[in-house]
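Please open the model in your viewer and follow the stops below in order, making each selection as it comes.

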Amino acid sequence: MSAPTVDLQGVSHRYGSTNALSPMSLHLEGGSTAVLGANGSGKSTLLRLIATTVTAQSGSVRIGGLDASVPTERTSIRRRLGYATQHDGLPPRMTVGAYLDYVGALKELTPARRRARWAQFAMGQVGLTDAGERIDRLSGGNRRRLTLAQALLGHPHLLVLDEPLAGLDGETRPVVAALIASQPSARTVVVATHHTDELATVCDRAVVLVRGTVGFAGTPPELAAQADGIVWETATPPPSVAARAVAPGRFRVIARTPPPASISVAPSVQDGYDALQLLHRAEPSAR
Amino acid sequence: MTTFDHLTSALELASTTPERFVGHAAVEPDRLVENRFVIDALLDAPAPSRLERVLRRVGVADLTVPLVTATPALRRGWLAAVGVASLFALSAARNSTAEGFDRLQLFLAVAPLVPLLGVALAFGPSSDPAHETVVAAPVDAFRVFVIRATTVLAASIVAMAAVTVLLPGEGVARVAWLLPALAVTSAASALSTRLDTRVASAVVAAVWLAFVVVVTSASGAEATFGAGVQWTSALITAVGVAIVVTRRRSFDVLAGSST
């Protein structure tokens, strides 16, 4: 079975009086896509629309050609979906094994023996070892691993992951990022993240949301190119510009004119993202 | 040493020092390591809970068992409510005087809230941390709601029926809480198609208690649980169920997200 396409046309969504997504369109093919954006830019709402847990208030969401607003087609989408929510949503008093058995049942995996095999496989994928451990005794990193493991149950063709690296330590993040990047080509992976350099660089595509609309859609090198010629490294960043520490005593600055005692450097994906954010902050009408 | 111990020891040896087994025609180290993984999986699998074993023994469907055992309401808050209501019953049972009769009325007023509390804690984002995972799953969320609501309702009714035998008085007066219990639960379920289950249950509980206070003050305690209220409760139950079934698709997405 081929990777499902994700097709959003003129989609908008509001929570009460708060506008989460303005009318926006987006088309994603198979492979992995990193969804980037500041807090409140609409990343989680976009992922919920793709995961079909919320319905678009205007426009259409089609996954693999199926209409997410039609209940029977929505169920078909969910049969191919693995979804890890932003907040891990783990019942504290259950054990790891019981929780994976529970989610396996929600995914219609039967009989219990088959669910147990899937649980073992998913735990192995994310590096969890103790099925009998209670969830409220897991570390923050292992909770994220478990959230990821439940999403992998049943071999989903569409994997929607909201902040999968949040709460993971510096050693674990690259491991999980590599796991996400190494998903089979028959799978479409949509992942929201703040860890631009660690995750977006290993994805096939990047989408940047700015105040509920698509500010950029392209490959990670194309996103990095947004900052071509305006990235500088210096030991003494001027106080008037935002600087990002990249190493002890080394800072990156994005500016049209070079700061004193700085050298020009090739932009990273994070630089491209930062440049886009600065552009939209300076020119709100740019979108 | 049992056969099982012997087998696991052999597999342990094979997996740590496979070179010792190379050349033995009957032994394939890779397969031994693989088999050890399978045995580890079986050893690591947590033992099923008592509730799970009981449900399987009575023939509950394989996919339904985890949905029942994961019901958030089968926990302390709801069990505490059952305990409090039971205390009312025991208190009333020890006082068969006029004061005891008042306590019976108090029990009848409180008892319907026990299953209501159970349903409030059984489903919805404010009670179930895994609610969004439930909604995103192919299993019909309405079915999950019905399974959980039925589970806590049945458990509540059994528990409250057990303490009812301790109550003073005779005949149907002692079970006058049953239809109101079904009515408030059904009404809260119907409201849950519009509101979070916990909010819906709080609204219904407030309305029920206000009704008890007002009617008892105006017409006396007997009117609160009389035939009129029983028939009305039956009607509310039926209407509530009809609304829930009609709006079953509202459980399918997060509350407040649909148009």
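Select R48(A) and E132(B), whose side chains meet in a salt bridge at 2.9 Å, N to O; a salt bridge is a side-chain nitrogen of Lys or Arg within 4 Å of a carboxyl oxygen of Asp or Glu. Between chain A and chain B the count is four salt bridges.

This is a predicted model, in which local features need pLDDT of at least 70 and side-chain atom pairs count only at pLDDT 80 or more, while totals for chains, interfaces and linings use all residues. Residues are numbered from 1 along each chain as its sequence is written, chains are lettered from A in the order in which they are written, and side-chain values use heavy atoms, with hydrogens and water left out.

Next, select the whole contact (heavy atoms within 4.5 Å), to which chain A gives 44 residues and chain B 32 residues. Within chain A, colour R78(A), Y102(A) and L106(A), which lose the most area to chain B, together 22% of what that side buries; buried area is the accessible area (1.4 Å probe) that two parts lose on being put together, summed over both. For the two chains this area is about 3100 Å², with 59% given by carbon and sulfur atoms.

Finally, select L81(A), G82(A), Y83(A), V103(A), K107(A), Q150(A), T133(B), A136(B) and A137(B), which line the largest cavity. A cavity is a set of points on a 1 Å grid over the protein atoms alone where a 1.4 Å probe fits but cannot get out, and lining residues have an atom within 4 Å of a point. About 70 Å³ of space lies in this largest cavity, a volume being the space filled by probe spheres set on the points, which are joined across faces, edges and corners.

How values were computed
1 Å grid on protein atoms, 1.4 Å probe; cavity = no way out; pocket = protein on both sides within 12 Å on 5 of 7 lines; lining within 4 Å.
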